[in-house]
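Look at the sequence and the structure shown below. The paragraphs after them go through the chains one step at a time.

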Amino acid sequence: MSKLHTVNKSPFEKSSLDACLQHVLDGASVLLLEDGVYGALRGSAAAESVERALASVKVYVLGEDLKARGFGEDRLINGISVVDYAGFVDLAAEADAVQAWL
Amino acid sequence: MSATIKKFLYLNRKAPYGTIYAWESLEVVLIGAAFDQDVSLAFVDDGVYQLTKGQDTTGIGMKNFSPTYAALGDYDVKKIFVEKESLEERGLTLDDLQHLTWEDEDEDYAEKDSIALVSRAEMAALMGESDIVFSF
Amino acid sequence: MPIEVNGKAFETDEEGYLANINDWEPGVAEVMSKEDDLELTDEHWDIINFLREYYEEYQIAPAVRVLTKAVGKKMGKDKGNSKYLYGLFPYGPAKQACRYAGLPKPTGCV
């Protein structure tokens with residue numbers, strides 16, 4: 001049973017990302033999108049918990065949302081992969097279920 | 001025309017695109033600029049994300065309004081305060097933000113910086129001395 | 001109501017501004033000005049083109065005082081004043097010229 005978790009809120013505005021990371025099971029995937037992409041950036045106060053989670057879950061970020069906000073892949077925490085909308089669909093299709101953290 | 005000039009502070013605390021607040025604030029600032037008041041803009045918390053360089057919204061199908069911040073100088077909005085601690089918490093520096101300027105007509109259109117980096121304490125003081133704070 | 005330009009229909013809003021800025025072509029300004037009984041000269045086109053460049057750069061239609069100031073900087077004080085601009089566009093330089101330029105109604109105009 002492998003789930004895809006989506007987080008679309010900024011980690012500084014809401015606790016969605018932290019709540020998600022504290023509940024994901026090993027082997028699950030987490031996709032950061034919309035304002036959630038700020039959680040994928042290196043050097044922020046939110047980065048540490050994401051870096052810790054990367055040991056047991058896969059973390060993705062939606063490239064379109066990252067670009068819209070002015071950040072390139074070079075600003076991402078190491079180990080996070082970029083997907084586009086088609087990749088998002090693939091992740092959702094491959095997962096047994098999708099769980100959204102609003 | 002009112003004789004008393006009031007100090008207006010537009011307080012921006014939201015990231016762009018995820019919600020409508022950032023764009024709404026910008027529109028209100030541009031409309032409000034017609035009334036000769038003492039206007040300051042503050043970018044605090046996620047609001048600092050509004051000013052990042054290189055925004056490209058073609059992929060998300062939304063209007064990229066980041067170029068509009070560069071028009072603020074034309075609207076006589078010359079005081080833009082960015083909170084240092086908010087940038088640092090997000091792993092950002094002033095270099096990640098647009099370089100916003102205004103042109104001094106009296107000095108042959110000399111370009112002057114609009115953005116000032118201030119500490120949280122200075123930001124608190126700025127809020128304290130404002131007559132009216134518009135929160136976005 | 002849509003306006004017709006060279007056999008093509010262009011969607012407009014209730015105030016006559018073009019619905020989609022990317023639809024614009026010079027014929028739009030010609031048709032709109034004809035409806036206002038105004039003949040477009042090079043001086044009109046300078047302002048219309050200036051507005052399109054301004055929008056391209058800043059993604060907004062400037063308010064009239066901003067337009068006046070910006071025209072003054074680019075084309076000189078003899079053109080960057082209300083008298084000159086209202087002479088060209090009697091319905092208001094920002095509102096009328098923006099409409100001809102295919103821009104939305106200026107931000108800061110009521």
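What follows covers how the chains meet, how one chain is built, and what is packed inside.

This is a predicted model, in which local features need pLDDT of at least 70, side-chain atom pairs count only at pLDDT 80 or more, and totals for chains, interfaces and linings use all residues. Residues are numbered from 1 along each chain as its sequence is written, chains are lettered from A and ligands numbered from 1 in the order in which they are written, and side-chain values use heavy atoms, with hydrogens and water left out.

Begin with the chains. Two pairs of chains are in contact, and chains A and B share the most contacts; a contact means heavy atoms within 4.5 Å. Chain A and chain C are joined by no contact, and their closest C-alpha atoms lie 16 Å apart.

Now take chain B. Chain B has three helices and seven strands, where helices (H or I, at least four residues) and strands (E, at least two) are DSSP runs, numbered from the N terminus. Read from the N terminus on, the order of elements in chain B is β-α-β-β-α-β-β-β-α-β. The radius of gyration of chain B, taken over C-alpha atoms, is 15 Å, close to the 14 Å that the globule rule gives for 136 residues, so chain B is as compact as a globular protein of that length. That rule is 2.2 Å times the number of residues to the power 0.38. Among contacts in chain B with a separation of 6 or more, 79% are between residues 24 or more positions apart.

Of the 136 residues of chain B, 49% count as buried; buried means under 20% relative accessible area, exposed over 50%, and partly exposed in between (1.4 Å probe, protein chains only). One example is Ser25(B), in helix α1 (residues 21-32) of chain B. Ser25(B) counts as buried because its relative accessibility is 2%. Leaving out residues up to four places away in sequence, Ser25(B) touches Asn12(B) and Phe136(B).

Which residues touch the most other members of the largest nonpolar core? Among its 89 residues, they are Leu41(B), Leu51(B), Tyr69(B), Leu72(B), Tyr75(B) and Ile48(C). A nonpolar core is a set of buried Ala, Val, Leu, Ile, Met, Phe, Trp, Tyr and Cys residues joined through side-chain atoms within 4.5 Å. Helix α2 (residues 42-58) of chain C gives the largest share of this core, eight residues. Domain 1 (3-35) and domain 2 (42-100) of chain C both give residues to this core, so the core lies between them; the domain bounds come from an automatic or database domain assignment. In chain B, Leu72(B) touches Leu26(B), Val29(B), Leu30(B), Leu41(B), Val77(B) and Ile80(B), not counting residues up to four places away in sequence.
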